[in-house]
Amino acid sequence: MQFLKRRLPVIIAFCAGMVFWVQYYVPSQASQDLLETFTASWAIILFGAAFILGVLSAIEHHWTKITLKKAGYGYSLVALLVFGTMILSGWFPAQPSIRLGGAAPTLSWGMLAATLCLLIGIVSAVSYLLGGNGERRYSRGMTALVFLILGAVGAFVIQPLASGYMLLWKVSNPAFIGQTIKPDSMFMWFFDHCFVPLDSTMFSLLAFYIASAAFRAFRARSFEATALLISGCLVMIGRVPLGEQLILIPKGVLVSWYTAYLHLVNLPVPPDLATTLADLNITSIAGWILNSPNSAAQRGILLGVILSQVAISLRIMFGIERTYMGGGE
Amino acid sequence: MTRVAFPMLCCLLLALPLGALAQEPAAGAGAAAPAAATPPPAAAEQPASGAPPAAPAAPDAVTGATPPGTHQVVPQPSNTLLMDRPSDDGTALLIIFNLIGTETTRIGAGVLLDGTWYRCTLRPGLLATLPTKADLPGYFGWRPPNPEAKVLTIDRYTKTNAAGEPESVPFEKDHEYTVRLVVVEGEQFEGFELGTTRTKEQWFNLAGANSLILSVLFAVVIMSFIYAARRNPNLFIRRIQGLEAVDEAIGRATEMGKPVLHINGLDPLSTLSTIAAVNILGRIARRVANYESDLLVPCFDPVVMTVSQEVVKNAYLEAGRPDAYREDKIFFLTDQQFSYVASVCGIMMREKPAANFLLGYFYAEALMLAETGSSTGAIQIAGTDALAQLPFFVTTCDYTLIGEELYAASAYLSREPMLLGSLKGQDVGKAFVMLIIVLGTVFSTVGMLVAQPGAMTGFDWDWITHLLSPLM
């Protein structure tokens, strides 16, 4: 048991780490296939399996809130209702047009959703039967009930009905069956007309958060805050068309200064000096701030991050860092 | 009559040799290197055979066969070379050539397979946009001979499949290909056969040799410091304010009877910053268990949720408080970015956690989470290596772990000598990089200064830059 819990994960981590480290330096086809197999198959299978647990967890979280009538349980109720609605909408037609002839698709998204519901229902039911504390057991039981009903309705009522309808009228693309989610399906209608606007609304709130954060950061209470305020204003003005119009030093003045300097240090004046120099405006200052001090700081941070990533990789590969496995020592 | 006829005769006699002179070069050129009359706009994309005689350009653009009696205007390539692409999986060839063309000169290629020419699947490449040998140090080194030579990579050809549709077929490894370079200039084009070569699969990417050596060197340094820490566990590590405040934040939450909120970022567990965040979660969970406080971990990724549950469970177990562990406190919310933000902000507003830990990789949601947390009056400790989000965290959070501090946090909080040893090794690596940066800057500057006409040559002053630059 100790071997399975402590040693085996470390051995797997070490072997996987070494294999993929070496893989980076091996350009052969076998090496590429190995990477492809891992990223395209294993990772997706792992994610798929974990996603069921994730959905169960989310449902349990909201269900518990509803049953205990915690603060904001109404939102949880809405979340579960919308969750169920989206699953049901996946069963509805991509396009309710009826084409005569042809065979029925063997696997539809509706069937897939029904299968997923049944699977979640079965897992919840098993979890309910295995026991646990009262409150959680109750929520698992309710989850099992809801999902088994949803899955059963999808798989044993809607699908056969649709199939019967199909057989009756000899159509291949009946209402409730579609190989893919079509742009004019109910699911996509919900997605385009409910989810996307709500998502965009949340994103647009960012502008107000930026304003309030900037107000806090730009209060010139110290030298750093003052420098931030000035450079921030310069960059903001420099990134809009106004920045190009705000000329601080005209080109003629710059040329005369540079010519005077070259005369002072006894260097020849380049013949194309007037064409190489340009007006010093806010945009050029903003460009310098972004490309010089800002880039230098970012690269410094990035170098530290990369070295740290190598170090943490080594700690994990050699089993020195084991917290992520669920055990420190 | 004579007065008119004589000058006309003279003009005619003079005009004859001039006309002959004017025709001679054209005839000669046509015989030497005939070119097609009407090539297509993208000659390299035409089918290899079957085009009608009225448009002979299509097959000829690939095969290079040219009808006789046409004018020679296509620039001629020189120093042509066909070779296997180095350090690859054996599915590509390189064509190297020198060519002085115009802005409109285009390049294509064809391969001969079973007696039939097929065009290589290329975008109608302008000569000017092709890389030179000097642009590809991964293949030819930093100072290759003939650095101005153009390099064309070919790895696919177009073939008509059984359904009569064009199909792009990749080159096979360990297969011989006869290749022709096609130069298109305006309405003219010409093919130049380059010979035959074999694609070879390589088992080591030579272009990555510098990074391999440096990573091995760095790994050795870190491992030696880790094992040195076993003998001398009293290592000095500089104080990190954000991590010193962890206890204070959890203690405050305990006193107020409010939960501690931990967010692992939005990246999956395959990202190192998420692993670092989960590691920190383990340390925080142990302290929360010791203080008998409450911990909330809303997750964005179901895999991260599963691992977090296990990590927190073990932390509670190690703290001797397995009874206090509640699995439903580490839960999955959604994998949609702004839905997640809405949900977490809702939790912040309703539950009013006294301490928020925002650790891992964040995107646009960083500021929304941090601002909402700030408005609830919670102590906020953030840590990320997302450079674009760092300013937002610095602005809105009480403490921010910048870049590498996020990775050091787990070791710092654990105070385990071996983990701290790796931090020391990291510092040595950073010192080495700083030294290299300074040396590289000096050498590069000196290289620029001495690169004047008549100055000393033959020494690559920029060698440090070359040593550390990515080759591909």
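Visitor: How many helices and strands does chain A have?

Guide: Helices (H or I, at least four residues) and strands (E, at least two) are DSSP runs, numbered from the N terminus. Chain A has 11 helices and 2 strands, in the order α-α-α-α-α-α-α-α-β-α-α-β-α. This is a predicted model, in which local features need pLDDT of at least 70 and side-chain atom pairs count only at pLDDT 80 or more, while totals for chains, interfaces and linings use all residues. Residues are numbered from 1 along each chain as its sequence is written, and chains are lettered from A and ligands numbered from 1 in the order in which they are written.

Visitor: Where does the kink in α1(A) lie?

Guide: A bend at a residue is the angle between axes fitted to the seven residues ending there and the seven starting there. In α1(A) a kink of about 35° lies at A:Leu8, shortly before A:Pro9.

Visitor: Is A:Gly252 buried or exposed?

Guide: Count other C-beta atoms, placed from the backbone, within 10 Å of the residue's own: 20 or more is buried, 12 or fewer exposed, and in between partly exposed. A:Gly252, in helix α9 (residues 251–264) of chain A, is exposed because 11 such atoms lie within 10 Å. Across chain A, 22% of the 329 residues count as buried.

Visitor: How many residues of chain B are in contact with chain A?

Guide: A contact needs two C-beta atoms, placed from the backbone, within 7 Å. By that rule 68 residues of chain B meet 55 residues of chain A. Helix α7 (residues 302–318) of chain B gives the largest share of chain B's side, 10 residues.
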